[in-house]
Each structure stands twice: as structure tokens, then as C-alpha cells.
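Open the model in your viewer and keep the selection panel at hand.

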Amino acid sequence: MAEEKDKKMTAPGQVCVSCLGPIGGARRGVRYASGILVCESCLKQGVQVLGMLKQREDPREAISLEESEDLETGLKRPREIAAFLDQYVIGQEKAKRTLAVAVYNHYKRVFQSAGENVSIEKSNILLIGPTGSGKTCLARTLAKLLDVPFAISDATALTQAGYVGEDVENVLLRLINAAGGDISRAEKGIVYIDEIDKIARKGENVSITRDVSGEGVQQGLLKILEGTVASVPPKGGRKHPGDAMLEINTRNILFICGGAFDGIGKIIGGEKSGKALGFGARVGESREESLSGLLKKVTPGDLIRYGLTPEFTGRLPVTAVLEELDEDALVRILSEPRNALVRQYQALMAMDGVELVFEEDALREIARTALEKRTGARGLRSIMESVMEDVMFTLPDEEDAEKCVITKGAVLGKEPPLILKRQLPEAQAS
Ligand SMILES: Nc1ncnc2c1ncn2[C@@H]1O[C@H](COP(=O)(O)OP(=O)(O)OP(=O)(O)O)[C@@H](O)[C@H]1O
Ligand SMILES: [Mg+2]
């Protein structure tokens, strides 16, 4: 038996996938079924921290090939995370870096052994950026990548205890569900709370429809963000006295909150009166600074003036700012991401046997129109839909159509898209 285990040990001249240190000679390691190598010390750390396997003196005994699955996929480095995000989200490099580092550190904390004397604290994150700049998109993409449970919730659905709506604990229920009901796995997960700006306390002159519960929801979230043992109603919705509750410790759960904070530009600009300045709105002539520039300077004080409570702001120590997307970025968003709109329409047309081509200046025109709408990349979809509608209606009937070219004129509505026909056999031609 011992002989067989020894076979799993590696040959000299190879490196550990985790620390990139050499494996060979005195530094031993283990090769997983997929060919990935991990050195003895990384392995030991993983084994201790995961608490999934009993630690023994000899790591070769501590881990078997079958049990090693979780270790094999466990760690994602910041660069890896950012590179994955790049496939779906254009630009926003700074926010990607912040998220990648936070998630990496989160992994480290999850993998940290209980006995270590420096306990790493989590740094919950606040994502701020204009509407349609990619906040939700970033969160969804992260969810695709991560090996820890990840759940997305919407702050607008939450209400203060006692009001109609979901209790704040429901964000945790989603996480537990994402962990397949395994509470101890959920306790190491990541929660994204979207539209966090919608629970801001509003000033006197703003509609107060959501106000009553807004601040109450912030209060409710405080404890969860900070770390507490929360009771979660297993079926969601509201708590009912007498129901059996799921207990979950949120100390190690990473929270990422995102919001557009419409109008915060005005606050950062230091102006206290007048109509709020939306993200889309043009910044006053007299002020040189762009909204993205202003946003980079956002301070906790600005967030408090916007309507977050000081306690809430204090529990989101890391802020990442997303930039307003410019025309070039919008053109790239149309065609580059793996699920880009252009690719989606090309796939649709391919099902009718037609090749769809967008001319460069057509894409640029779509981007320009979207820019005017001031809804970021969110505007692209509806513009694309209106450009494509007619041709999507008629093309399925044109059996000899081979290629459809969308020109700038077609986007502007000045001419129909160009349809190239297949060469027909002599008999049918004319
Ligand atoms: N940087 C980007 N790269 C690729 N696609 C993007 C980017 N930003 C936005 N999109 C696309 O635009 C649409 C809207 O983006 P998203 O939902 O992420 O906006 P948001 O920042 O969450 O806005 P809101 O504050 O209004 O919720 C999505 O379909 C998304 O795919
Ligand atoms: Mg969003």
C-alpha cells in the first residue's frame, strides 16, 4: 500500500500549481488525477484549513486522489480571476482588480487554518458606477467562476422587519441554497447585494415611498455584514414564530454591494442645493471634471450624505468605482464579450442559414446612439433590436439569402440592410 502511495509522488523538476515552488528532491508533492501538482506545504495548509480531511503527520496519507478534488480547484489567483472577467466584461480594469484581490483574499481566509494566530478579516466591498456600466454583469460573471457558493440578491426586495416583503436574512437563504443546503459551505461563501443605493435614506424633497423601510433594511443588514449567527427561515419570505430556523454564522461570508448612486456626483461636487445630477446628466459647463473623475474621489462622507448610515458605510471598507463607458468601450461591448450582442444575433441568423455581418461604422453608430441615451451599455440592446427587427421578420422567407450586411445607413434607418443572395442554378435564375 505504501508503495502505491509513493507512486503518486512526483518526479524532480516540476512546480507546485499553488505556490509555483519547485517540487523534487527534499520538497515533495502530490500529483492529482488531472495532472496538477501541489507541494507538500501547500497541501498541508489546504488540508488543515479545509477541515475536510483529518490531518495526519504524513500528507501522503492525509489525502487520497479521490478526496483531493476540492483542493485541486480551490485557489483562484487574482490574475486568473481578472482574466476570466475580461472574457465577459469590457474595461473597468480597476474594479476587476479590486474584486479579484478581494475574492483571492477571501479564498485565503477560507483556507486559513484555524490555529493560525493572525486571523484575516474580511473586507466587504462597495461597487459604485453609473447605470449600465457592468456592476451586475461583473457579479454574475464572478458567480460563474467561483468555487465557493455565490448568491446575488436585490436590496429593493428587502424590507425592515414588520413590513411586507423579504426579511434581510433571505440573502443568506439564497447563499445556503447556492451551497446546496450545506451550511458550513455557505458560511464561506460570497453574497452580492445589488441596488444597494435604493435603501438609502432619502432627503426631505425626494419621494419617500421606500424611505421608511430603507434605513431599517440598512440596520438589518449591519449585523449580517459584520458577522453574526443569523436565523434564516428555511422557506424564505417572512419569519414566523415557531418555525424551525437555519442558523448560519456570517463571520466569514464576503459581502459585495453594488449600486449606481444616481445623483451622487452632485454631492461629491460639494453642491448642496438644486436638482440632483444623475449619472447620465451632463456635468455643468463651469465644472471641468467628468462624473467618472468625481466618482473616483467618493468618500464615506459622501455616501453618508447620500443616505447610507455611518454604521453601514463603515462595514463596506473597500470601494471600487466603475467608469462611464465611452464610445470605444460600447463598440467593443457589442462584439467582443463571449455573449456579445453581435454574436447573439449572428447565432440567430445562422439558424436561418444566413451569415450576419456588421460594418465597423454601423457598430460605431449604434454605440453613438446608445451614448446619447445615457444608459450605458444597457441601451445597446434596444437599439440593436430596432435595427434588426425588419430584417429578422423578412429574412426567413428569403430562401436564397446568404449574407446580411448591416451598414451605417441601415442603423440610421436610411436604407435597408444589404442582402446578398446565393448563386442560383441556371434554370431558376432570371
Ligand atoms: N463593461 C461591460 N462589458 C460588457 N458588457 C457590459 C458592460 N457593462 C454593461 N454591459 C452589458 O450591459 C447590460 C447592463 O449592464 P449591468 O446590468 O451590469 O449594469 P449595471 O451597472 O448593473 O447598471 P444598474 O446600475 O442600472 O443596475 C448587461 O447586459 C451587460 O451585459
Ligand atoms: Mg445592476
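The expected span of a helix is 1.5 Å times one less than its number of residues. The model on screen is predicted.

Select residues 360-373. This is helix α17, with 14 residues; from first C-alpha to last it reaches 20 Å, close to the expected 20 Å.

Now colour the buried residues of α17: Ala362, Leu363, Glu365, Ile366, Ala367 and Ala370. Residues three or four places apart on an α-helix point the same way, because there are 3.6 residues a turn. To see what the buried residues of α17 pack against, show α15 (327-335), β12 (355-358), α18 (380-394), β13 (401-406) and α19 (408-412).

Keep α17 and α18 and hide the rest. Their axes lie 9 Å apart and the helices pack at an angle of about 130°. The crossing is right-handed. For the contact, pick Ile366, Thr369 and Ala370 on α17, and Leu380, Ile383, Met384 and Val387 on α18. By class, these are six nonpolar residues, one polar and no charged.

Next, select α5 (residues 78-86) and α6 (residues 93-111), whose axes come within 8 Å and cross at roughly 135°. That angle makes α5 oblique to α6, and the crossing is right-handed. Show the side chains in contact: Pro78, Ile81, Ala82 and Leu85 from α5, with Lys96, Arg97, Ala100, Val101, Val103 and Tyr104 from α6. This contact has eight nonpolar, no polar and two charged residues.

Notes
Residues are numbered from 1 along each chain as its sequence is written. Chains are lettered from A and ligands numbered from 1 in the order in which they are written. This is a predicted model: local features need pLDDT of at least 70, side-chain atom pairs count only at pLDDT 80 or more; totals for chains, interfaces and linings use all residues. Helices (H or I, at least four residues) and strands (E, at least two) are DSSP runs, numbered from the N terminus. A residue is buried if 20 or more other C-beta atoms lie within 10 Å of its own, exposed if 12 or fewer, and partly exposed in between; C-beta atoms are placed from the backbone. Two residues are in contact if their C-beta atoms, placed from the backbone, lie within 7 Å. Axes are lines fitted to C-alpha atoms, for helices over the stretch in contact, and angles run from 0 to 180 degrees between N-to-C directions. Angles under 35 degrees count as roughly parallel, over 145 as roughly antiparallel, 65 to 115 as roughly perpendicular and the rest as oblique. A crossing is left-handed if the near helix is turned anticlockwise from the far one by less than a right angle, and right-handed if clockwise. Ala, Val, Leu, Ile, Met, Phe, Trp, Tyr, Cys and Pro count as nonpolar, Asp, Glu, Lys and Arg as charged, and the others, Gly among them, as polar.
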